Amino acid sequence: MIQRVLIPSDFTVNSLRIVLEYIENSGDQQVEMVLVSGYKLDSSIGMLLGFSTADHIADLQDEDFLKGCEMIKSRFKDKVVEIYGDCMVSKNSRYVRNYIKGAKFSQIVLPEAFEFTHTPNSFDVVEVLQTLPFSGVPEVVTVQMQDANLQEHDGLDSFFFRKNWRFSYE
Amino acid sequence: MGNYNRTLYALIAILVIYTVSFVAFIMYSITNFAFSDFYKRLDFRRNLASERMLNGKADEPNWSLNYLEELHNQREFIVELDERLHVVRDSGFDKSLWERVNKKGETNFKEGNTFYSTKLYQQQGKSYIVGVSAENYFYTHHLRYLQNLLLIALVLGLLFVTVVSLLVKRSFIRPITGLIDEVKKIGSENLYLRLSEDKYTGVLKKLANTFNRMLNRVETSFETQKNFISNASHELNTPLTSIIGIADLTLSKDRAVDEYKSAMQKIIDAAENLEKKTNALLLLARTGYEKGNKLNFKPVRIDQIVMDAEMSVKAINERFHIKTDFSMLPEDSMKLKVNGLGPLLQLAISNVVSNACKYSPDHTAYVALGAFENGILILVRDEGIGIPESDLSHIYDPYFRASNAQHFSGYGIGLPLARNIIKMHEGTLSVSSVLGKGTTVRIELPTFTPF
């Protein structure tokens, strides 16, 4: 059975390190990854009627981010069934609970010591998720971010040279 | 462009002529209708007048007016004629118009705004010309109004055509003129210039994009040919120095047979390396002269090429270390295939890797390889001196050396050559650097697609 996993994201290449850490430290289970960012909708009628999740996500994703996703899919072809983005539009705990329930997530990934890039109206999904009590379903998976120095580096090279043992050849 | 302007002006002239002709036709048709209709009405009133004057109904002058509306300034007249058709008497007829009256039948004519209808009648052996005249109110007022209306419409129409023509010229001809001006600026001395695609829309944007892509190919081919001798000298210099150095060192004193064998083996390795580079350079020399201007590209495995490049770099200088991260290699090996020439790609990658080793204090380069949907990514990183930001835009110029690289040997040829080779393979090479921290070279190549 394919598991659907919520992974907090800000749609930067750097945030894809969370995906990599999760994949490398999880089992052989096939997963469908939903990269979720937080965007607080204001109460204007224009925003309520005109906001489109797809457009908002497309605005945030740059070419390198998409290439990064493709690279992860190529690397973990048998394990990663799909990667796509989504957006939470409120910090309200009832909304968040319904969002998680509606999307039928079986796992929620919470990175430790990772700072997301803030854009206007954005909020940290991890902070919101940490306030909610989860009783087993969905399962909360905590990942340790290995190299704090890479935090400042938002480029595709942050995918590589993350751990010394990965240098496979000299 | 002159032809284009002429065509545009011809179209405007045709439009103006058509509009004027259309207005004239409407005016003529309505006027014609107004005349013939009014003459009919006059003829009818003339017949009634003749009945009244000649058949004894003179005492009822206004009987017809009970049924017919009197025309504006309507007047009736009768002229009695003798046998020779000379005027015997008349009742208020303007004699200056006598010449225009048909003395033997009916006449319709117009004098100023007054219309006339006359006819010859025979009564008791005498001849009479009975006529009616009236002003055509429709002609003098309504038609004038229509005429003014059409003239105003014509002027507005001409104004509209002029404005639209100017707008068309501005929105269509001006971008083309801009495009031509930009193309004129590009010559052999500044082949790096490109058309600014964002300035154009639609088909012109496609044209600018196509032209830029053509310029990419021309620039690569041109630079490769122009710098061929420098490239050849640069590439052959290192193995030759290595061969000479080993031979010199070996001959500096008497040695055991095994040492001579070992030295000879090293010389053979260096010579083989030299042969590989010569072959690659010959391929480079043929750029642009192949049939159909395309090199004989074949699918090659990029991971193998990267490893071969690393081996050749380490063969040249034993102090160089290369750490490779293949952790992101795709599961599907087909994604590692690129369409290209192995020796040339190896030459490009080895140049970049040896540069990274050279500028790194511990002579270590980090090489990584990954694949995305339609391409392959190669990253070569060092933790060396970095490149000053002001020099970054010049690093692809042949013979350019960064201001902080004076203490390192080199000619500034390796990176431009590598970039040209990557461009020949429809790929991109970009460099990012932080002064004092290191440099990362990013190479992207399109994946080979069988169909």
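The model I am reading is predicted: local features need pLDDT of at least 70, side-chain atom pairs count only at pLDDT 80 or more, and totals for chains, interfaces and linings use all residues. Residues are numbered from 1 along each chain as its sequence is written, and chains are lettered from A and ligands numbered from 1 in the order in which they are written.

**Entry: helices 4 and 5 of chain B**

I started with a helix pair. Helices (H or I, at least four residues) and strands (E, at least two) are DSSP runs, numbered from the N terminus. Helix 4 of chain B covers residues 228-251. Its angle with helix 5 of chain B is about 175 degrees, and the axes lie 9 Å apart. Axes here are lines fitted to C-alpha atoms, for helices over the stretch in contact, and angles run from 0 to 180 degrees between N-to-C directions. The two helices are therefore roughly antiparallel.

Next I looked up who touches whom. Two residues are in contact if their C-beta atoms, placed from the backbone, lie within 7 Å. From helix 4 of chain B, the contact includes B:Phe228, B:Leu236, B:Ile243 and B:Thr250. From helix 5 of chain B, it includes B:Tyr260, B:Ile267, B:Leu274 and B:Leu281. I sorted the contact by class: 17 nonpolar, 4 polar and 3 charged residues. Ala, Val, Leu, Ile, Met, Phe, Trp, Tyr, Cys and Pro count as nonpolar, Asp, Glu, Lys and Arg as charged, and the others, Gly among them, as polar.

**Entry: helices 5 and 7 of chain B**

Helix 5 (residues 257-285) of chain B also packs with helix 7 (residues 342-359) of chain B. I read an angle of about 110 degrees and an axis separation of 9 Å. That makes the two helices roughly perpendicular.

**Entry: a sheet in chain B**

Which order do the strands of the open sheet take? I read 2-1-5-4-3 for its 5 strands in chain B, with antiparallel pairing. Strands pair if DSSP finds at least two bridges between them. Strand 2 (87-90) and strand 3 (106-111) of chain B stand at the edges with a single partner strand each, so one side of each has no neighbour in the sheet. Neighbouring strands are turned by 20 degrees against each other on average, direction ignored.

I then followed one pair. Strand 1 (residues 75-81) and strand 5 (residues 126-135) of chain B run antiparallel over 7 bridges. B:Val79 has B:Ile129 in strand 5 of chain B as its bridge partner.

**Entry: the annotated spans**

The unreviewed UniProt entry annotates residues 7-30 and 145-168 of chain B as "transmembrane region". UniProt positions are in the numbering used here, feature names are shortened, and annotations may be inferred rather than shown by experiment. Residues 7-30 of chain B are 100% helix and 0% strand, with end C-alpha atoms 35 Å apart. Residues 145-168 of chain B are also 100% helix and 0% strand, and their end C-alpha atoms lie 34 Å apart.

I also checked B:Thr31, which sits in helix 1 of chain B. Its C-alpha atom is separated by 10.0 Å from that of B:Arg144, 113 residues away along the chain.

**Entry: where the chains meet**

How many residues of chain B are in contact with chain A? I count 23, against 17 residues of chain A. Strand 7 (321-325), strand 9 (364-371) and strand 10 (375-382) of chain B each give two or more residues to this side. The largest share, 5 residues, comes from strand 7 of chain B. By class, the side of chain B has 11 nonpolar, 5 polar and 7 charged residues.

Chain A has 6 helices and 7 strands. Buried residues make up 31% of its 170 residues. A residue is buried if 20 or more other C-beta atoms, placed from the backbone, lie within 10 Å of its own, exposed if 12 or fewer, and partly exposed in between.

A:Asn121 has a positive phi of about 75 degrees although it is not a glycine. I find A:Asn121 in the loop between strand 4 (107-112) and strand 5 (122-123) of chain A. B:Asn73, not a glycine either, has a positive phi of about 55 degrees. B:Asn73 is exposed, with 12 other C-beta atoms within 10 Å.

Notes:
Parallel < 35°, antiparallel > 145°, perpendicular 65-115°, else oblique.
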